[in-house]
Amino acid sequence: MKEKLKLYLWLFGINLFISAFTFGGGYVVVPMVRKYFVEKKRLFDEDALLDMAAVSQSTPGAIAVNLASLAGYRAAGAAGAVISCIAAVTPPLIILGIVSVWYQAFAANRLIAAVLRGMQAGVAALIVDLIVDMCRAVLKERSLLLMLMIPGAFAASFLFSVNVALILIVCCALCIMRMYLKKKKLRLFSRSEANE
Amino acid sequence: MFKQLGFLFFVFWQIGLFSIGGGYAIIPLIQEQVVDTYHWVSQKVFTDIITISQMTPGPLAVNTSTFVGIRIAGIGGAVAATVGCVISGVVISLALYRFFCRHRESTYVFEVLNGLKAASLGLIVSAAATILMLTFFGISEIGPIRHVDLAAAAVFLGALAALRKFKINPIILMVITGVLGAVLYGL
């Protein structure tokens, strides 16, 4: 019981922290979750994180909030999910609540803009660090289709601004098709063997 | 009062439900509801919200719902709009994740998940490209490069080295890069 309470408290604190420091949107949460949930606490492995990132990406809503809830769920069940979700929305709620009152002064402040510009470079480094490790994980699967999907999805989204939902659907369809062809081939193969 | 809160909840619930992919792709969706349909904020204020969203932590959709909610109905409005905005995403994610975990042995489920993983990694790379362009060149879309921010490039390389070599804590990294930003650009 005490162990569980401790885990809940940790989940609340860490999600509050992660949420308060993720400037620049959803994906920056992925390296943060990796650092604390995977590397520090070893609550789940990198592959499970990639599963969660894929699911939070393919479902509606904010990726950061979805991912926080999934990580909380994986670590401590339904209660963990609720705690993590609340912790994830609290910092933006408070900060925006305050900012909405003085937003013109805030947007015009030079020092704030300077701090944020520095942090942007830090965020860029965080996300590149994550990509290097994640791409290595996919390369290990030794599947040409999956390997080609990464640059394919990138090009579709970044160069041609294709709708994200469409990209996800096409990639799923390709994987299912490959599976289907593989099974068919296997069936043909075993049939020809039986004939002989 | 309750009617107003319920309405805020409902509108942002719709926004949350139909915003797949997150990030800047959902701006037009929010704009259509908040500016064009209900006239809760003007176009000028909406643009300001996006700017502030980029400057503050938290997802754009959550930031917008808080900002609009608080202007319409105070703190209660902010909470109602925010909860509405995130609830469907969280519930659907949990359901889908549980489904995937339960049916992992099914080869089709496994393949679908593999496809989603590779695609979402590609999308993360795309988000990274946008952030890198903003950091180095100050532009968010492909176009002519007017200036290169060498100071930001140096901070980026230093941060990347600290992450790869020394596995520095990301939150400490954010604090350090923030201070560097204040020194480099603010003084």
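What you are looking at is a predicted model, in which local features need pLDDT of at least 70 and side-chain atom pairs count only at pLDDT 80 or more, while totals for chains, interfaces and linings use all residues. Residues are numbered from 1 along each chain as its sequence is written, chains are lettered from A and ligands numbered from 1 in the order in which they are written, and side-chain values use heavy atoms, with hydrogens and water left out.

Let us stay with T66(B) for a moment. It sits in helix α4 of chain B, residues 60-102. Helices (H or I, at least four residues) and strands (E, at least two) are DSSP runs, numbered from the N terminus. Setting aside residues up to four places away in sequence, T66(B) touches P92(A), L93(A), L96(A) and G97(A), along with A78(B) and T82(B). Contact means heavy atoms within 4.5 Å.

Now follow that helix to its partner in chain A. Helix α4 of chain A (residues 63-101) and α4(B) have axes that come within 10 Å and cross at roughly 160°. Axes are lines fitted to C-alpha atoms, for helices over the stretch in contact, and angles run from 0 to 180 degrees between N-to-C directions. The crossing angle therefore makes α4(A) roughly antiparallel to α4(B). For such labels, angles under 35 degrees count as roughly parallel, over 145 as roughly antiparallel, 65 to 115 as roughly perpendicular, and the rest as oblique. By class, the contact of α4(A) with α4(B) has 18 nonpolar, 9 polar and 2 charged residues. Ala, Val, Leu, Ile, Met, Phe, Trp, Tyr, Cys and Pro count as nonpolar, Asp, Glu, Lys and Arg as charged, and the others, Gly among them, as polar. The crossing of α4(A) past α4(B) is right-handed; a crossing gets that name if the near helix is turned clockwise from the far one by less than a right angle, and is left-handed if anticlockwise.

Within chain B, two further helix pairs are worth a visit. Helix α1(B), residues 2-17, packs against helix α2(B), residues 27-37, at an angle of about 160°, with their axes 10 Å apart. These two helices are therefore roughly antiparallel to each other, and α1(B) passes α2(B) in a right-handed crossing. On the α1(B) side you will find V11(B), F12(B), Q14(B) and I15(B), which meet L29(B), I30(B), Q33(B) and V34(B) in α2(B). This contact of α1(B) with α2(B) has 6 nonpolar, 2 polar and no charged residues.

The second pair is α5(B) and α6(B), which pack at an angle of about 130°, with their axes 7 Å apart. That angle makes α5(B) oblique to α6(B). L132(B), T135(B) and F136(B) of α5(B) make the contact with A152(B), A153(B) and F156(B) of α6(B).

Helix α5(B), residues 107-137, also holds N114(B). N114(B) is buried, with a relative accessible area of 6%. Leaving out residues up to four places away in sequence, N114(B) touches E141(A), L146(A) and C175(A).

Next comes the nonpolar core. In soluble globular proteins, nonpolar side chains tend to be buried together. A nonpolar core is a set of buried Ala, Val, Leu, Ile, Met, Phe, Trp, Tyr and Cys residues joined through side-chain atoms within 4.5 Å. Of the 121 residues in the largest nonpolar core, V33(A), F37(A), F44(A) and F12(B) touch the most other members. Not counting residues up to four places away in sequence, the contacts of F44(A) include V33(A), F37(A), M52(A) and R74(A).

Finally, look at some loops. Most residues other than glycine have a negative phi, and most peptide bonds are trans. R42(A), however, has a positive phi of about 50° although it is not a glycine. R42(A) lies in the loop between α2 (29-40) and α3 (46-58) of chain A, and at 65% relative accessibility it counts as exposed. K167(B) also has a positive phi, near 50°, in a residue other than glycine, and lies in the loop between α6 (150-166) and α7 (170-186) of chain B.

Key:
Buried means under 20% relative accessible area, exposed over 50%, partly exposed in between (1.4 Å probe, protein chains only).
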